[in-house]
Amino acid sequence: MRMRRAVAVLVALGLAGLGAFWVLTRPTMLSADDIAGIGPDPVRGEYVFRAAGCSSCHAADGARDADLLRLGGGKAFASPFGTFYAPNISPDPVNGIGTWTPVDVVNALTNGVGPGGRHLFPALPYGSYGKMTLEDAVSLAAYLPTLPAVDTPSRPHDVPFPFNIRRSLGGWKLLFLSRDWVVPAVPPEAETGRYIAEALAHCGECHTPRNALGGLKTGQWLAGAPNPSGEGNIPDIRPGKLTWSEADLVTFFQSGFTPEFDTAGGNMAEVVRSLGTLPEDDLLSLARYLKAVPAAP
Amino acid sequence: VDPKVLFPEGSVEGRALPAIWENFDDFNAKHEALVAAATTMTEEAGKGLDQLKAAIGPIGAACGACHELYRKPE
């Protein structure tokens, strides 16, 4: 009798747990009505596209110039959780996202949810993009369909169990996503830079170390991290480690030149290719933000 | 300078990636592009500061071409 009761209690607890998991891991989504009042700004859309570095991941490996606008995907991103392949996000209706509505794109970018309510893997840096304004997300959603359609099929991710359980990403989001600024107080002249760094250019996704579950250790913001693809380390860019002047930083963003007569390498060369096209004032604000983040001890 | 001497195959120290020796023809071509850009700059340097400034950009592009593909992060 006692045993049966214990089993009943356990079953009830288990069901309650499953129910809680189901509720807590539900995708958060916007509806078309939520963005109905927002008019897209095509000029801003291109700005967001460049600042967010969409081409760095979604264009083909080695793409240059006009090919940077062909977002057929295919680049591989190794991680401790498996290998992700950048999907085709060109306007192709079959193999790209040509059939997505604007709110589908906004949900993918800012909530990490695909059409139909499926959690997306955070290889798409929606932890950062979630901090962008709805106006910017809507403008980017309006810009993407102006790019050339590419008919390369997206390659499925190679992510083993248990990380392939999409629903568990709802829990991951609860644990690690925040819309608050990592650096709450910055001087006014660094606010644009903070928006670029934390929301659009998603600097922290590579330059900040991650915990065992892949969440960013925001207490060590921009402290550098092992390169997820296995070779070397992404540098610590906090004040105290990064000693370049604001002018040095702007030159670096624009040209890839460092004050040591070196050049940006690896993925940072890709970043420079798009980030460097932003207005100089915005890059200066980004440099000022880097001077305002908590310093290396 | 022959890049084969500067980058002996199988080097494990430093930041050289194995892709260097897998694509040595491309690596060599990029090296030659750097030599060409540097040669142009020496010619332009005698013409004035503005010409020198203009000739430095291609050098950076030539440096970056290898650093992007053939060098590990720090």
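This is a predicted model: local features need pLDDT of at least 70, side-chain atom pairs count only at pLDDT 80 or more; totals for chains, interfaces and linings use all residues.
Local features are reported at pLDDT of at least 70 and side-chain atom pairs only at pLDDT 80 or more, whereas totals for chains, interfaces and linings use all residues. Residues are numbered from 1 along each chain as its sequence is written, chains are lettered from A in the order in which they are written, and side-chain values use heavy atoms, with hydrogens and water left out.

**View 1. The interface of chain A and chain B.** In this interface, 14 residues of chain A are in contact with 11 residues of chain B, contact being defined as heavy atoms within 4.5 Å. The two chains bury about 1,100 Å² between them, 50% of it on carbon and sulfur atoms; buried area is the accessible area, taken with a 1.4 Å probe, that two parts lose on being put together, summed over both. Of the area that chain A buries against chain B, 42% is supplied by A:Glu231, A:Phe257 and A:Thr263, more than by any other three residues.

View 2. Between chain A and chain B the count is 3 salt bridges, each being a side-chain nitrogen of Lys or Arg within 4 Å of a carboxyl oxygen of Asp or Glu. In the pair formed by B:Arg71 and A:Asp262, the closest N and O atoms are 3.0 Å apart. Helix α11 (residues 266-275) of chain A gives the most to the side of chain A that touches chain B, with 4 residues; helices are DSSP runs of H or I with at least four residues, strands are runs of E with at least two, and both are numbered from the N terminus. The residues on this side of chain A divide into 3 nonpolar, 6 polar and 5 charged.

**View 3. A:Lys75 and a network of salt bridges.** A:Arg64, A:Lys75, A:Glu270, A:Arg273 and B:Glu68 are linked in a network of salt bridges. A:Lys75 lies in the loop between α3 and β1 (76-79) of chain A and is buried, with a relative accessible area of 10%; the classes used here are buried under 20%, exposed over 50% and partly exposed in between, with a 1.4 Å probe and protein chains only. The side chain of A:Lys75 reaches the backbone oxygen of A:Ser56 at 2.7 Å, and a polar contact of 3.0 Å joins the side chains of A:Lys75 and A:Glu270.

**View 4. Helix α7 of chain A and its two sides.** In helix α7 (residues 168-176) of chain A, A:Leu169, A:Gly170, A:Trp172 and A:Lys173 are buried. Seen down the axis of α7(A), these buried residues fall within an arc of 160°, so they line one face of the helix; the arc is that of the directions from the helix axis to the C-beta atoms. What covers them includes α1 (2-24), α4 (102-111) and α5 (126-129) of chain A, whereas A:Leu174 and A:Leu175 are exposed on the other side of α7(A).

**View 5. The surroundings of A:His58.** A:His58 lies in helix α3 (residues 54-58) of chain A and is buried, with a relative accessible area of 12%. Its side chain reaches the backbone oxygen of A:Pro87 at 2.9 Å. Not counting residues up to four places away in sequence, A:His58 touches several residues, including A:Arg70, A:Leu71 and A:Ile89.

**View 6. Salt bridges within chain A.** The side chains of A:Glu205 and A:Arg210 meet in a salt bridge at 2.8 Å, N to O; A:Glu205 is buried at 15% relative accessibility, while A:Arg210 is partly exposed at 34%. In the salt bridge of A:Arg238 and A:Asp236, at 2.9 Å from N to O, A:Arg238 is buried at 13% and A:Asp236 is buried at 18%.

**View 7. Backbone geometry in loops of chain A.** Most residues other than glycine have a negative phi, and most peptide bonds are trans. The peptide bond from A:Phe161 to A:Pro162 is cis, with omega near 5°, and A:Pro162 is placed in the loop between α6 (134-143) and α7. A:His202, in the loop between α8 (191-200) and α9 (204-207), has a positive phi of about 45° and is buried.

Notes. Ala, Val, Leu, Ile, Met, Phe, Trp, Tyr, Cys and Pro count as nonpolar, Asp, Glu, Lys and Arg as charged, and the others, Gly among them, as polar. A polar contact is a pair of N or O atoms within 3.5 Å; within protein, one must be able to donate a hydrogen and the other to accept it, and residues adjacent in sequence count only if both atoms are side-chain atoms.
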